[in-house]
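These are notes for a first reading of the model. Please keep the structure open while going through the points.

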Amino acid sequence: MPELIQAVRGMNDILPPETYLWLYAEHLIRRVLISHGYQEIRFPIVERTELFKRSIGEVTDIVEKEMYSFLDRNQENLTLRPEGTACCVRAALEHGMLHNQVQRLWYGGPFFRYERPQKGRTRQFHQFSAEVFGIETPDIDAELIMMSAAILERLGIRSLCTLQLNSLGTPASRAEYRKQLVHYFQINKAHLDEESVHRLHKNPMRILDSKNPEMKSVIANAPKLIEHLDAESLEHFEKLQTYLKQAGLAFEVNPCLVRGLDYYTRTVSEWVSDKLGAQATVCAGGRYDGLVQQLGGKPTPAVGFSIGVERAILLMQQTDKTHKKDPGLHAYLITDSEQSFGAALKTANYLRAKVPGLKLMLHCGGGSLKNQFKKADKSGAQYAIIIGEHELKTRSISLKNLREDIPQQTLYQDELAEYLKLKISKK
Ligand code: ATP
Ligand code: MG
């Protein structure tokens, strides 16, 4: 026997019944995004490697060691998208969507990073994101954060998460702070791990983001960017906080919150949970006013967030909401002859079209009526629908409630549709 071929490490299959939870979560997320007037944008999974190098930053985990890059047959250097913001900006610029316009966009799908697979961390993972272009004021930062809260709420996991905020200021205010930070870490170099020493001159702010518990106190005592913010960034940040307070959304300011990608300016936010182990962030975002220009466009303010679906699902699995379970079939249609099967094919489609939301499975593979009844019972459906020789002759359909002791009924097709409609809407 030939050897079985297995999936690539860190790239997980998602199987039923868990796929139900995915479908459900994705449906709810899309509904929230659409309900805020955001429009979907779709772009390819593969982009030129240069796009990510130029946007994410050369000295970042992603670009240094996490990208799936390859040469295609034409020797072009391509990369499986490790994140979506750069792709979204690329697409929006390419199609002239950003000049003098406001865009509120969303997208969702798979992303790829060569990381160490563990709970809540996979090499193919899934995100839903929102990005807004053309609005500088912090009202839009507030809207986005409220929208992320609404998503978590709808998924039933909001109470498991807390919101952290910080402001990274402008590149200019950061430059001054950066000098002080490098100076501080140089004095305390003995307390830094190898990775942080490597970052010291190239990307010192990322040291603040280190999860190494041994560096906790050296990080806690480091100078705070928030104390070096320019006046406008400070005002921007304070307004955002006022809006959120007015809206009744609780948050904490975490002065050590920086983000893994270089392009952020001003607002950064994360929803974290202590129910996820080491991978605590379920949703993250921020402002990136410089990125559009960095990618060749006119200066355009921009802000967005992404929610990680794997981690959201992990949290949903820890709640006891019944929505997690596939409610199963409503009806299972069985037949007693080849002739009645042909009619059943047609009737099944008629019923599905007439009864919104009806989940009706048609029995295939033959077998005696008795056996088919057994299958109907095992399917978990509430009803068996029977189309046999007798029903064909009388142009009627029989309905048996498999879960309650009610006599079998015989109905005309349209009567059955009405009956099912009533029963399903009550559920
Ligand atoms: P982390 O701190 O977990 O490395 P990040 O800062 O690299 O996250 P972002 O690029 O901001 O993450 O992505 C946004 C969200 O996408 C994260 O908060 C997380 O929920 C999810 N995410 C990122 N990388 C992975 C991964 N490898 N596996 C699963 N989910 C991920
Ligand atoms: Mg990461």
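1. Asn100 sits in the loop between α4 and β5; helices (H or I, at least four residues) and strands (E, at least two) are DSSP runs, numbered from the N terminus. Its phi is positive, about 50 degrees, although Asn100 is not a glycine. Asn100 is exposed, with a relative accessible area of 71%; buried means under 20% relative accessible area, exposed over 50%, and partly exposed in between (1.4 Å probe, protein chains only).

2. A word on the source: this is a predicted model, in which local features need pLDDT of at least 70 and side-chain atom pairs count only at pLDDT 80 or more, while totals for chains, interfaces and linings use all residues. Residues are numbered from 1 along each chain as its sequence is written, chains are lettered from A and ligands numbered from 1 in the order in which they are written, and side-chain values use heavy atoms, with hydrogens and water left out.

3. Gln75 also deserves a look at its backbone: phi is positive, about 60 degrees, and Gln75 is not a glycine. Gln75 belongs to the loop between β3 (68–71) and β4 and is exposed, with a relative accessible area of 56%. The peptide bond from Pro16 to Pro17 is cis, with omega near 5 degrees, and Pro17 is in the segment before α1 (18–35). As background, most residues other than glycine have a negative phi, and most peptide bonds are trans.

4. Is Thr79 buried or exposed? Thr79, in strand β4 (residues 77–80), is buried, with a relative accessible area of 0%. Its side chain makes a polar contact with the side chain of Ser69 (2.7 Å). A polar contact is a pair of N or O atoms within 3.5 Å; within protein, one must be able to donate a hydrogen and the other to accept it, and residues adjacent in sequence count only if both atoms are side-chain atoms.

5. Helix α4 is largely enclosed by the rest of the structure, because seven of its ten residues are buried. Among the buried residues of α4 are Cys87, Cys88 and Val89. Their cover includes β2 (46–48), α2, β5, β6 and α10. After α4 comes Gly96, with a positive phi near 60 degrees.

6. The largest nonpolar core has 48 residues, and Phe133, Phe185 and Leu208 have the most contacts inside it. Such a core is a set of buried Ala, Val, Leu, Ile, Met, Phe, Trp, Tyr and Cys residues joined through side-chain atoms within 4.5 Å. The largest share of this core, six residues, comes from α4. Another core, of 45 residues, lies apart from it and has Ile140, Leu155, Leu244 and Leu315 among its members.

7. Which residues come nearest to ligand 1? Of the 16 residues around ligand 1, they are Arg113, Glu115, Gln127, Arg259 and Arg311; a residue counts as near if one of its heavy atoms lies within 4 Å. A polar side-chain atom of Arg113 is 2.6 Å from an oxygen atom of ligand 1, and for Gln127 the corresponding value is 2.9 Å. At Val282, a backbone N or O atom lies 3.2 Å from a ligand 1 oxygen atom. Strand β10 gives the largest share of the shell around ligand 1, four residues.

Methods: Contact means heavy atoms within 4.5 Å.
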